[in-house]
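Notebook open, viewer running. Below is what I looked up, in the order I got to it.

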Amino acid sequence: LISGSVRFLLPAMVASSLSTIVIFLPFVLLSGVAGAYFKVLTDTMIITLSCSFLVTWIGLPVVYLLLAPPVASSLRFNPQGQRAGGNWVRWSIRKPWLSFGFLALIGILAFVAAKHLETGFLPEMDEGSIVLDYSSPPGTSLEETDRMLREAEKTFAQVPEIESYSRRTGTQMGFFITEPNRGDYLIQLRKDRKRSTTEVIDEIRQHFEASQPALRIDFGQVISDMLGDLMSSTQPIEIKIFGNDQHQLQALAQKVAKVVEGVKGTADVFDGIVIAGPSVNIRTDDQALARRGLTPQGLNDQLTTQLQGTNVGQVYERELVTPIRMVYPHAATTSLSDLEHARVFLPGGAFVSASQVAQIGVKPGEAEIEREDLQPMVPVTARLNGRDLGSVMKDIQGGIRKKVELPQGYNITYGGPFKAKQQSFHELLMI
């Protein structure tokens, strides 16, 4: 009886398992971060369903034979029992308009519900930890940045939900080089807190802005921050403005940033204009150099040696090659005045000060030029605060179309998690 039942049910079991496995196979075609998630889900479901089929086919009959009580040798079958029940099915078949009406009602409700659903690339999570990225004004030394942050850290005592925190200055959690005026905090919150992570972030933001207004800060959570690093944008909102003229790009970025600030549900808006620190500009006096028998390249080599040093040899030790760099004393702390009075040696053995053969001055900071696909680009970024990504981006796109007029040759694209969401939704629709 058992073997006959298994043979009778085997085609249905095979078809049931394969039909579900086939559904998950196309998810392997998804790309990006969504593809990485769905690949794990696909492998898990295929393995689980295969094991479930084997257990149902082989394991359960054996368990039944071992544990089931003896059964009667003959089983009675009541043909009337086959027709018991099922009256509502026959009734609905005789009145198909009810079925079609019910399907239409479900379709209308699904359409209306879809209009009110929150959309985004990642689900909203309360991880209980905060990543606070910060940057001090361009050109700020490591010591001055540390001083500003020590003053700002005193405000942490006013937030009872903070359990502990750690700070990195001159480095960050991401996979990129960080300047001395940048870094981040990793803040751990208490588990028994009454307020959500978003509410705690709002209070920390107010304290930081009141204590050190010169600091530019940006908040996030650990998982979203790390996934953002993988997608090259830690902020969920990223608006890329492309064009040729850097000054025009900066003006457009400021306009777009104002539009984003006016949209409800945005926070930590940044116009993408990163000012590099001030630099020392040395303009040579070619006539003064020629009178002293020195070339501009010779002056450059001497000043480079004084400030950065020069490789003069190598040391071989245990199959390792270590370069020897000759540097001037206190080269790392050379001031502008020291550079103006730096000694420049002449071919005859005499020396003059650098200010006698060159004009030395400080050049103010300039905006960094960022490129994507060899095109100049300025990214405007922002965080979400109390709203979903889809509705916020819809309002931002509408505001940009109304208030920002792009000159010829300029265009705007939307990147970050919003772009990943659009791509994954499109691929899911095709699947």
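This is a predicted model: local features need pLDDT of at least 70, side-chain atom pairs count only at pLDDT 80 or more; totals for chains, interfaces and linings use all residues.

I started at Gln302, which I found in helix 10 (residues 296-307); helices here are DSSP runs of H or I with at least four residues, strands are E runs of at least two, and both are numbered from the N terminus. Gln302 is buried, with a relative accessible area of 19%. For the record, buried means under 20% relative accessible area, exposed over 50%, and partly exposed in between, using a 1.4 Å probe and protein chains only. Leaving out residues up to four places away in sequence, Gln302 touches Leu294, Arg343, Val344 and Phe345; contact means heavy atoms within 4.5 Å.

Residues are numbered from 1 along each chain as its sequence is written, and side-chain values use heavy atoms, with hydrogens and water left out.

I see an open sheet of four strands in the order 2-3-1-4, with antiparallel pairing; two strands pair if DSSP finds at least two bridges between them. Strand 2 and strand 4 (216-220) stand at the edges with a single partner strand each, so one side of each has no neighbour in the sheet. On average, neighbouring strands of this sheet are turned by 20° against each other, direction ignored. Strand 1 (residues 129-135) pairs with strand 3 in the antiparallel sense over seven bridges, and Ser129 stands opposite Gln188 in strand 3.

Which helices lie on these strands? Helix 5 lies across strand 1, strand 2 and strand 3, running at about 170° to strand 2. Helix 6 packs on the sheet too, touching strand 1, strand 2, strand 3 and strand 4, and its direction makes about 25° with that of strand 1. The axes are lines fitted to C-alpha atoms, for helices over the stretch in contact, and angles run from 0 to 180 degrees between N-to-C directions.

Then salt bridges: a search of the whole structure gives 14, each being a side-chain nitrogen of Lys or Arg within 4 Å of a carboxyl oxygen of Asp or Glu. In helix 2 (residues 32-67), Lys39 and Asp43 sit four residues apart, about one turn of the helix, and their side chains meet at 3.3 Å, N to O. Lys39 is partly exposed at 44% relative accessible area, and Asp43 is partly exposed at 34%.

Helix 5 (residues 142-153) holds Asp146 and Arg150, again four residues apart; their closest N and O atoms are 2.8 Å apart in a salt bridge. Asp146 is partly exposed, at 23%.

What does the salt bridge between Glu161 and Arg195 tie together? Their closest N and O atoms are 2.8 Å apart. Glu161 lies in the loop between helix 5 and strand 2 (162-169) and Arg195 in the loop between strand 3 (182-189) and helix 6 (197-211), so the pair ties together parts 34 residues apart in sequence. Glu161 is buried at 9%, whereas Arg195 is partly exposed at 26%.

Last stop, helix 4 (residues 96-116), where I looked up Leu103 and Val112. Leu103 is exposed, at 54%; Val112 is partly exposed, at 41%. Val112 and Pro61 are 51 residues apart in sequence and 48 Å apart in space, C-alpha to C-alpha.
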